[in-house]
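Hello,

Here is the structure we talked about, with the sequence. Please have it open while you read the notes below.

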Amino acid sequence: MMFDIIIKNGNVVLRDGVKKVDIGIKNEKITCIAEQITDEANEVIDASGQYVMPGMIDTHVHISEPGRTEWEGFETGSKALAAGGTTSYVEMPLNALPATVNKEALDLKLDAAKTQNYVDYAFYGGLVPDNLDKLEELSDAGVLAFKAFLSNAGSDIPGDFTNVDDYTLYKGMQKLAELDQILCLHAENADITSKLEAEFIREGKTSAMDYPDARPVIAEVEAVQKALLLAKETGCKLHIVHISTSEAVQAILKARAEGVDVTVESCPHYFSMSAEDVEEIGAYAKCQPPLRKKPVQEKLWEELLNGNIDWLTSDHSPCTEDLKLQADNLFEAWGGISGAQNNVDLMFDLAVKQRGLSVNRFAELIATTPADRFNMPNKGEISVSKDADIILVDPNQSYTVKREDLYYKNKHSAYEGRKIDCRVTKTIVRGHVVFDVEQGIVGQPIGKLITK
Ligand SMILES: [Zn+2]
């Protein structure tokens with residue numbers, strides 16, 4: 001047997017444990033896992049001292065192309081994902097213009113994405129107040145899931161994304177249940193958050209420590225509770241994105257125990273930074289829901305370590321630097337964190353090395369569970385016949401995040417200057433090496449569309 005690639009001597013993260021085995025890759029697939037593979041190969045990769053695990057499946061990424069390509073594009077965004085150890089991503093229906101709320105808009109995006117991606121990709125359709133009659137065409141066109149906002153989506157530009165009213169949410173969930181689609185929801189109460197923010201600005205309370213008070217824990221919990229009620233009533237599969245509080249996680253667990261089909265994600269920034277850190281980092285670390293104060297963050301850590309958060313996403317949500325720097329205060333700055341390039345290494349350092357999470361649980365959090373939930377049967381684990389989407393992770397390398405190493409179109413990050421004690425050293429997408437720590441991005445944009 002002549003393999004394309006053999007990965008030797010690594011600590012391979014399999015579904016049932018970490019084993020020292022070799023992996024043979026042929027025609028983009030994992031075709032052999034054995035204690036020792038002695039056959040020939042075009043390329044032999046020595047993974048001694050490193051973990052070999054499934055690449056991250058980042059189900060929450062904003063690329064902004066077409067229409068707002070000055071923020072991010074498929075080429076730059078997918079390079080950053082590849083460099084960070086992500087092998088597939090699902091792109092959000094907002095920030096591009098027009099928003100992905102009908103087939104016409106999806107076609108524009110498919111066209112823009114076609115030849116530019118270094119990793120595999122899929123799309124969301126949006127649920128907004130005027131597109132209930134477009135959900136079916138989006139579903140038929142292959143979107144993997146739908147996304148809606150309960151909080152204000154933050155723009156009044158024509159063609160941009162808008163948040164749902166209760167009627168749209170109810171009717172939309174009925175329709176998505178029929179279509180067997182998952183609704184992913186940004187869950188914060190729009191009325192409470194927008195009016196509290198306006199009040200805080202009027203009163204001049206605009207510091208980093210004020211911001212989480214203007215988007216309080218109850219605004220998240222109330223929105224989650226409403227969505228859970230409607231999911232129970234309509235039978236719609238529900239996924240709550242970027243949760244920031246233990247209280248919301250507990251509400252989700254309770255509903256799940258009562259039979260609601262619901263999952264929940266959180267993001268590295270809720271674990272790696274707190275509101276106290278935002279005082280120092282500034283608007284680069286502004287996002288919604290906000291980074292919480294330390295005691296709230298500590299409770300979220302407990303949920304993660306107790307297995308109550310299903311998976312991790314980046315919510316890579318870039319913008320031009322002026323939108324971060326030219327605002328009068330934190331409240332006026334654009335919200336969204338550029339993070340796609342530092343998910344795996346950062347969370348491996350914080351959760352596995354510093355807090356003792358098992359490597360197997362880590363692989364579930366970044367790959368296996370999202371692949372199962374989003375129905376990607378070829379992805380999410382290292383086993384024979386799956387796509388060879390594999391990363392090498394060196395737990396003994398350290399590096400400092402530097403602006404010049406970022407692949408984002410806008411080279412800023414909340415993590416600039418941060419030392420991370422772990423490093424992704426290689427990213428392989430369907431058997432193609434797309435990133436190597438010595439050479440950077442290599443090869444061609446071989447990313448392919450994943451459809452439902
Ligand atoms: Zn987002």
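A term comes first: two strands pair if DSSP finds at least two bridges between them. Strands (E, at least two residues) and helices (H or I, at least four) are DSSP runs, numbered from the N terminus. The model is predicted, so local features need pLDDT of at least 70 and side-chain atom pairs count only at pLDDT 80 or more, while totals for chains, interfaces and linings use all residues. Residues are numbered from 1 along each chain as its sequence is written, and side-chain values use heavy atoms, with hydrogens and water left out.

Four strands form an open sheet in the order 5-4-1-6, with mixed pairing. Strand 5 (29–34) and strand 6 (40–46) are at the edges with a single partner strand each, so one side of each has no neighbour in the sheet. Strand 1 (residues 2–8) pairs with strand 6 in the parallel sense, over six bridges. Lysine 8 has aspartate 46 in strand 6 as its bridge partner.

Two helices

The axes (lines fitted to C-alpha atoms, for helices over the stretch in contact; angles run from 0 to 180 degrees between N-to-C directions) of helix 8 (residues 246–257) and helix 11 (residues 294–305) come within 8 Å and cross at roughly 35°. With contact meaning heavy atoms within 4.5 Å, Ser246, Glu247, Val249 and Gln250 of helix 8 meet Lys299, Leu300 and Glu303 of helix 11.

Regards
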